[in-house]
Amino acid sequence: MKHYEVEILDAKTKDKLCFLDKVEPNATIGEIKSMFHKSHPQWYPARQSIRLDPKGKSLKDEDVLQHLPVGTTATFYFRDLGAQISWVTVFLTEYTGPLVIYLMFYFRVPFIYAPKYDFTTSKHWVVHLACMCHSFHYMKRLLETLFVHRFSHGTMPLRNIFKNCTYYWGFAAWMAYYINHPLYTPPSEFYGEQQIRLALIIFLFCQIGNFSIHIALRNLRPPGSKTRKIPYPTKNPFTWIFLLVSCPNYTYELGSWLGFTVMTQCLPVAFFTMVGFIQMTVWAKGKHRSYLKEFRDYPPLRSPILPFVL
Amino acid sequence: MASSEEDGTVEEKENNNKKRSKSALATAWLTFYNIAMTAGWLVLAIAMMRFYIQKGTHKGLYRSIARTLKFFQTFALVEVGHCAIGIVRTSVIVTGVQVCSRIFMVWFITNSIRQIQNEESVILFLVVWTVTEITRYSYYTFNLLHHLPYFIKWARYNLFIVLYPLGVIGELLTIYAALPFVRRSGMYSMRLPNKYNVSFDYYYCLIVVMLSYIPRKEHFQ
């Protein structure tokens, strides 16, 4: 069998970092990364970016050596992606925070409100309802992270965990402070009950919708694989929104938070909903664009996040 | 055949003319803008000097130039637009942050908290701003006219070493002086209970603003 020789150079300095001889032609980039890791133990495979061109795109772990446009002596360029952390770890941390923090405000743990309110509970039933909804939402997210989601990438840069946790934990504290405040004003007397009821229905509907989409996306991808397919509506009516939208998980998420905003009538919640919407729109547009690029037959009726609008 | 070819080239020429005239228009506007702003800040500088020479005190100086200051400093918002449409190659965010911090100082501190208008720190940052802006706008003007005197270039890249810390001190001392008046009046603040279930305390907001002066790279413009 014809063996390959692989040399790995630093993308910036072009220094020869590693030379591997007798590499199997059917070796994958992932296997080459493991071999590179042996000679440079500080660069574990997750933080290696291997490319054909110093300024080019990263090669995928699944790419096979003999299928790449290289001669029998292959030259690759290496870039350090920096310290990495697994997506699962980031998600678990960033979602556990809001769950715990909100409950601290709900139970009025000392040093938040005036001492006479310590460990008291609100007299408004909507405050209890809001706590249940908020807690349910984050518990759902934690369980989905553990049992539903199939991630394309294993890791992300370490600094993301600080950025993400600041966002989630910060906003959770800000919202929870006002909703559970002794001077909280619930939706007004006359339409109040109807408003809260409607908001709850919207919230629950969108929670189920969001979960349905996550399950549908999971089922697109066999266990352990990283394949990408076009999602289509299934027998579950909550997935029929795929006819009109590329990223209905974000659409339902927006709906949930709009429901929560109307339920609590709290401006910080409205802010959080708006900021989340902006971020999700950016993500949805990116995802929509990559679907269009990857699939010639992508359904033309679909919008990124809001049917016909956005 | 021949006529369509002619049409093609005529169209091409028109497009090229459009492109050239667009950037000529942009250059003309920017030149006018920078000359106007240089003039505006010069007027401010002269008015300030005249007041001090005539009255011998800085008390009442702010009031005398307040309207001119508000006009020219607010008009600088246009610079964010310049970056957004691309006729100036600077980040929208950097320009935006710098202009907003000036707008904040002028409208939300000095203009609205009358009791601090005669503080010495106000004069300090006004002088710093005036020198900085005259240098900056004249630098841009000369650059656009492709004739940059060495003195202006030197001033732009060297004066800030002194002006930046002085400006920070002037602004910080002014905000600090304003704190007790903000606390007492409860201005721009919203307390609970209210139907939006939100509260805002301008006093603590100002303290956060003062802390945010610590790393401030957008002053280097």
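**Charged pairs and their surroundings**

UniProt, in an unreviewed entry, lists "domain: TECR-like N-terminal" at residues 5-80 of chain A. UniProt positions are given in the numbering used here, feature names are shortened, and annotations may be inferred rather than shown by experiment. The model is predicted: local features need pLDDT of at least 70, side-chain atom pairs count only at pLDDT 80 or more, and totals for chains, interfaces and linings use all residues, while side-chain values use heavy atoms, leaving out hydrogens and water. Residues are numbered from 1 along each chain as its sequence is written, with chains lettered from A and ligands numbered from 1 in the order in which they are written.

Residues 5-80 of chain A are 14% helix and 34% strand, and their end C-alpha atoms lie 22 Å apart. Helices (H or I, at least four residues) and strands (E, at least two) are DSSP runs, numbered from the N terminus.

Now to the pairs themselves. Side chains of opposite charge can pair when their charged atoms come close. A salt bridge is a side-chain nitrogen of Lys or Arg within 4 Å of a carboxyl oxygen of Asp or Glu, and by this rule there are nine salt bridges over all chains. One of them joins the side chains of Asp80(A) and Arg47(A), at 2.8 Å from N to O. This pair links distant parts of the chain, 33 residues apart: Asp80(A) sits in strand β4 (residues 73-80) of chain A, and Arg47(A) in the loop between α1 (29-39) and β3 (48-51) of chain A. Asp80(A) is partly exposed, with a relative accessible area of 33%, whereas Arg47(A) counts as buried at 16%. In these terms, buried means under 20% relative accessible area, exposed over 50%, and partly exposed in between (1.4 Å probe, protein chains only).

Follow chain A further and you meet Arg141(A) and Glu253(A), whose side chains form a salt bridge of 2.6 Å, N to O. Arg141(A) belongs to helix α3 (residues 125-147) of chain A and Glu253(A) to helix α6 (residues 248-264) of chain A, so this bridge ties together parts 112 residues apart in sequence. Both Arg141(A) and Glu253(A) are buried.

Arg197(A) and Glu193(A) both lie in helix α5 (residues 189-219) of chain A, four residues apart, about one turn of the helix. Their closest N and O atoms are 2.6 Å apart, and Glu193(A) is partly exposed, with a relative accessible area of 42%. In chain B, salt bridges that share partners join Glu79(B), Arg102(B), Glu133(B) and Arg136(B) into one network.

Part of this ground is also annotated. UniProt, again in an unreviewed entry, places "transmembrane region" at several spans of chain A, among them residues 196-217 and 237-252. Residues 196-217 of chain A are 100% helix and 0% strand, with end C-alpha atoms 31 Å apart. Residues 237-252 of chain A are 31% helix and 0% strand, and there the end C-alpha atoms are 13 Å apart.

What about charged pairs across the two chains? Between chain A and chain B, the count is zero salt bridges. Six residue pairs do make polar contact there, both residues at pLDDT 80 or more. On the side of chain A that touches chain B, six residues are nonpolar, four polar and none charged. Here Ala, Val, Leu, Ile, Met, Phe, Trp, Tyr, Cys and Pro count as nonpolar, Asp, Glu, Lys and Arg as charged, and the others, Gly among them, as polar. A polar contact is a pair of N or O atoms within 3.5 Å; within protein, one must be able to donate a hydrogen and the other to accept it, and residues adjacent in sequence count only if both atoms are side-chain atoms.

Chain A gives 10 residues to the contact and chain B gives eight, where contact means heavy atoms within 4.5 Å. Together the chains bury about 800 Å², 57% of it on carbon and sulfur atoms. Tyr178(A), Leu183(A) and Thr185(A) supply 56% of the area that chain A buries against chain B, more than any other three residues. Buried area is the accessible area (1.4 Å probe) that two parts lose on being put together, summed over both.

Last, a stop in chain B, which has eight helices and zero strands. Gln117(B) lies in the loop between α4 (92-110) and α5 (120-144) of chain B and is buried, at 5% relative accessibility. The side chain of Gln117(B) makes a polar contact with that of Arg63(B), at 2.9 Å.
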